[in-house]
Amino acid sequence: MKFRPSSPYRDLLPTREKADNFCISAPVNTLSAHPGGMRAEHPRRRLRQIRRILLLPGRGGSLYVCAMHQTNTAFSDPPRVPAGFSIIAFGDVHGHLDLMEAILLKAQAHAARHPDRRHIVISLGDLVDRGPDSAGVVARVMATVPGCELIVLRGNHETLMMAFLDGDPEATTWLSWGGLATLQSYGVDTEGASLLSAGDVEHLRERFRARMVTTHLDFLRTRPLSVSFGDYFFVHAGVRPGVPLNLQAEQDLIWIRDEFLLSAERHEKKVVHGHTPAEAPEILDNRVNLDTGACYGGVLSAALFEDDRVEIL
């Protein structure tokens with residue numbers, strides 16, 4: 001998609017950079033709630049709302065154009081989910097099926113007590129690695145939770161796992177970040193394998209490809225990066241401050257830490273995330289962190305969002 005800046009914006013560019021066309025690109029990475037269900041939002045839907053642009057230097061002297069649109073306003077205070085919705089989100093599972101199952105049972109029981117509400121359960125990503133049963137966790141979230149709609153977001157660990165399967169040489173670090181436990185959960189024998197040996201790593205990759213359940217991989221490849229309900233934006237890692245939510249880069253949505261965590265900026269919506277372990281759930285002015293280190297012996301934390309209320313389960 002190409003965007004031709006109007007003349008006032010072209011005048012902001014250095015003379016040698018006054019080209020006719022500039023690219024605006026962003027992944028289709030946001031799901032938003034609307035009366036008919038959920039749909040994907042794409043940046044080009046926003047072009048008619050552009051108010052100003054931000055010019056960012058790129059490689060080779062090129063410039064990137066970041067569109068800032070009129071809908072980039074702070075969320076309401078207190079933030080709310082849509083009327084009649086009950087949303088339960090939980091943090092990084094990392095192979096701990098028993099802990100996740102306890103959360104899903106709570107969601108099921110809550111739905112049974114309140115049949116008049118629409119019940120959404122959201123996994124904030126990082127289902128796999130480190131814990132004992134990544135394969136079981138993936139199989140479980142592919143099934144149903146009675147009375148609930150289950151949304152599974154993609155985290156950086158699922159992304160690395162798929163890159164490893166695809167042969168990305170830079171993804172071999174995944175094995176030392178808990179990937180060996182995932183291989184073992186799928187029946188791959190890792191005993192005696194050296195992660196320093198290219199041959200051993202390639203052998204593990206081939207065995208994992210042979211043992212990986214096709215439906216599991218297809219499911220993980222199609223997971224969204226984020227979902228939005230009311231004044232809340234659910235995502236694995238966080239968002240880059242100052243960038244509209246519908247223009248966030250995938251890298252930031254699944255990897256960002258300090259730039260997001262140390263920012264006090266109010267984003268368009270209040271961000272609910274995992275990715276960075278804390279001793280207890282954090283409910284701050286601009287974000288809610290539900291990663292409490294289940295894979296390090298902590299608990300698997302979840303929160304219930306109803307109307308303008310947030311309750312840690």
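## Polar contact at D252

A polar contact is a pair of N or O atoms within 3.5 Å; within protein, one must be able to donate a hydrogen and the other to accept it, and residues adjacent in sequence count only if both atoms are side-chain atoms. The side chains of D252 and R240 form such a polar contact, at 2.8 Å. This is a predicted model: local features need pLDDT of at least 70, side-chain atom pairs count only at pLDDT 80 or more, and totals for chains, interfaces and linings use all residues. Side-chain values use heavy atoms, with hydrogens and water left out, and residues are numbered from 1 along each chain as its sequence is written.

D252 sits in helix α8, residues 250-255. Helices (H or I, at least four residues) and strands (E, at least two) are DSSP runs, numbered from the N terminus. D252 counts as buried because its relative accessibility is 11%. The cut-offs are under 20% relative accessible area for buried, over 50% for exposed, and in between for partly exposed (1.4 Å probe, protein chains only). Setting aside neighbours within four places in sequence, D252 is in contact (heavy atoms within 4.5 Å) with A237, G238 and R240.

## The chain overall

The protein chain has nine helices and 16 strands. Of its 313 residues, 49% count as buried. Among contacts in the protein chain with a separation of 6 or more, 64% link residues 24 or more positions apart.

## Packing of α4 and α7

Helix α4 (residues 156-165) packs with helix α7 (residues 214-221) at an angle of about 125°, and their axes are 10 Å apart. Axes are lines fitted to C-alpha atoms, for helices over the stretch in contact; angles run from 0 to 180 degrees between N-to-C directions. That angle makes α4 oblique to α7. Angles under 35 degrees count as roughly parallel, over 145 as roughly antiparallel, 65 to 115 as roughly perpendicular and the rest as oblique.

From α4, the contact uses E158, M161, M162 and L165; from α7, it uses L217, L220 and R221.

## D189 in the α5-α6 loop

D189 lies in the loop between α5 (179-185) and α6 (198-211). With a relative accessible area of 45%, D189 is partly exposed. A polar atom of the D189 side chain lies 3.1 Å from the backbone nitrogen of E191.

Neighbours within four places in sequence aside, D189 is in contact with L204 and R207. D189 and R207 are 18 residues apart in sequence, with a C-alpha to C-alpha distance of 8.5 Å.
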